Amino acid sequence: MRLMNRNEFRFAFQTLPFLDSHEGDPAGVLELRARPTPRLLVWHPEGIDWIFRTDRQLHHVPSRTLRPLVGRTSLLGTEGLRHAAYRRVLGPALSGHQLRIYHNIISHTVHAAIDMLPPGAIISLIEWTRKITLYVISQIVLGHVDDVLLALFSARVDSVLGSRSRTLAYRYLPAQALSIYTRRSALRGRHELDDMVLRSAKATATTQPAALAARLLAGEQPLGVLDNEKLRDQVMSLLFAGHETSASTAAWILYWLSRDEKIYRDVIAELSATSNDGSDPTQVPLLHAVIHEALRLSPPAIFAGKRMLPADGELLGKSLPAGTILTPCMYLAHHQPDLFPQPRRFNPTRFLGHRVPRQYYFPFGGGTRRCLGSELAMVQVRMIAAAVLRRCQLHCVNPEAGVSELRGPAMTLARSLRMSITPHRRAPRKIPL
Ligand code: HEM
C-alpha cells in the first residue's frame with residue numbers, strides 16, 4: 001500500500017480543519033498528491049467552470065465510500081450511455097410540473113411529524129429531519145412507507161457512513177483487504193434488506209406507476225430491463241441521495257433561524273403574509289434565500305464527484321497528465337471572502353434578488369452529473385421549513401453543538417444538537433392525503 005503524504009493524511013483524517021486552513025486561499029487549487037497521478041482539489045471559479053463545461057469528456061470515478069451502500073451498478077457510479085439512460089428515465093419525474101404530485105406527500109409527512117411531537121419535545125434535530133425526508137423519498141421511490149424496511153435501511157446507512165474509521169477503510173484499503181473487511185463488518189443484515197427492497201420495488205411497479213421504482217421497471221429503452229442487482233442498487237441510491245442531504249439542509253435552516261432573531265422574525269412575517277405552503281419560491285423569497293445561505297455555509301456535499309482527465313490536459317495554466325483526478329470543492333468555493341464577504345456569517349440577504357453564478361456557488365454540483373433531485377430538494381426543504389416555522393416554537397437547547405459532522409462524503413449538523421420544538425398551532429384543517 002502506498003504511503004500518504006502530509007496533505008493526503010490531513011485531508012483523510014482531519015478533513016474539515018484541513019479545508020478550513022485553506023479558506024480564502026486565492027489559488028483555488030490544492031494538490032493533494034503528485035504521484036502516481038496528481039490529485040487536485042479545485043474551487044477556483046475558472047477551474048470549476050472548465051470542469052463542468054468539459055464534463056462530458058471527463059471520466060467519473062465512483063465513490064469507494066458509498067459503494068458498500070449503493071452497490072457497484074449504482075447510477076451514482078456508472079458512466080456513458082448507461083448513466084445517460086438512468087438520467088433520461090428519472091430526470092423528468094424529478095423536475096418541472098411533475099414535482100407538483102409530490103407536494104401532498106411532503107405536506108402530509110411534515111405535518112404528521114409535527115403532530116406526533118409531544119409538547120415541549122426536545123429532539124436531536126438532524127435525526128428528526130432525517131426521518132421526515134426519508135419518509136418523503138420512500139413514498140416517491142417506492143410509493144409507500146414500510147417502517148421495517150426504512151429502519152433496516154437507516155441502520156445500514158449508519159453502519160456504512162456512521163463511523164469515520166469505516167469510511168476511511170472503504171476509501172483507502174486495497175481491494176482484497178476491503179472485501180474481507182466488508183464481509184466481516186458492515187454487511188450484516190444485508191440480504192434481508194436487499195430482499196425487502198426488491199419485493200417492495202416490484203410490488204410498486206404494478207400498483208403505483210408514477211413511483212420512481214415503477215419507472216425503472218417499465219423496461220423502456222434506452223434503459224431496458226433491470227436485473228435484481230441493478231434494481232436494488234438504483235433504489236438504494238435514490239433512497240440515500242434523496243434524503244440525507246435534504247435532511248441536513250432542513251436541520252441547518254431551523255438551527256440558523258433559531259439563532260438569528262431578526263431573520264427568524266422576518267421569515268415568520270413573510271409566511272404570515274401568504275397562504276402558500278412554501279412550494280412557490282416567489283411567495284417566500286426570504287425563506288428561499290435562507291435555504292441558499294444554508295447550502296452555501298454548510299453544503300451537505302462538501303465535494304462534487306471526482307473527475308478524471310482521459311488525456312493530458314491543462315487547468316488554470318498548469319499542464320496535467322492523463323489520469324489526473326480533479327475534485328470540485330464547494331466547501332472552499334462557498335467560503336471565498338471576495339465573493340461572500342465575512343463568509344462564516346449567516347446572511348441570507350446575499351441571495352435576495354440575484355443568482356450567484358454556478359462557478360462560485362454549486363451545492364448541487366454541475367455538468368453531466370448535476371444533482372438530479374435539486375428541484376425536489378429545494379421545494380421539499382422550503383415546505384418543511386414553512387410548516388415547522390408556522391406551527392412551532394423553536395428553541396435551541398445546546399447551541400454550542402451547532403457544528404458540522406462528516407458522515408461518509410456528506411456533511412451534516414451534529415447529531416448532538418438538540419432543539420425544543422413546541423407545536424403551538426394545529427395542522428391546517430384539511431391535510432390533503
Ligand atoms: C439539498 C439537497 C441535495 C444536495 C445538496 C445534493 C447534492 C448533490 C451533489 C453535489 C451531487 C453530485 C453532483 C456532481 O458530482 O457534480 C448529487 C448527485 C445526485 N443527487 Fe443530489 N443533492 C440533494 C438532494 C437530492 C435529492 C432530493 C435527490 C432525489 C432523488 C437527489 C438525487 C441525486 C442523484 C440521483 C445524483 C446523481 C446524479 C448523477 O450522477 O448523474 N439529490 N447531488
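I took helices (H or I, at least four residues) and strands (E, at least two) as DSSP runs, numbered from the N terminus. On that basis I noted 18 helices and twelve strands in the protein. The model is predicted, and I kept in mind that local features need pLDDT of at least 70, that side-chain atom pairs count only at pLDDT 80 or more, and that totals for chains, interfaces and linings use all residues. Residues are numbered from 1 along each chain as its sequence is written.

Overall form. I looked up the radius of gyration, taken over C-alpha atoms, with a globule rule of 2.2 Å times the number of residues to the power 0.38. For 433 residues a compact globule would have a value near 22 Å, and the protein has 21 Å, which agrees. The C-alpha atoms fill a box of roughly 65 × 50 × 40 Å along the principal axes. I counted a residue as buried if 20 or more other C-beta atoms, placed from the backbone, lie within 10 Å of its own, and buried residues make up 40% of the 433.

Three-stranded sheet. I then followed an open sheet in the order β4-β12-β9, whose pairing is antiparallel; two strands pair if DSSP finds at least two bridges between them. Because β4 (121-124) and β9 (392-396) stand at the edges with a single partner strand each, one side of each is left without a neighbour in the sheet. Between β4 and β12 (residues 418-423) I noted four bridges, and Ile123 has Met419 in β12 as its bridge partner. Helix α7 (residues 125-142) packs on the sheet and touches β4 and β12, its direction making about 80° with that of β4; contact requires C-beta atoms, placed from the backbone, within 7 Å, and axes are lines fitted to C-alpha atoms, for helices over the stretch in contact, with angles from 0 to 180 degrees between N-to-C directions.

Five-stranded sheet. Lastly I traced an open sheet with mixed pairing in the order β1-β2-β8-β5-β3. Its edge strands, β1 (29-33) and β3 (59-61), each pair on one side only. Strand β1 runs antiparallel to β2 (residues 39-42), joined by four bridges, and in β2 the partner of Leu30 is Leu41.

How values were computed: Buried ≥ 20, exposed ≤ 12 C-beta atoms within 10 Å, placed from the backbone. Contact = placed C-beta atoms within 7 Å.
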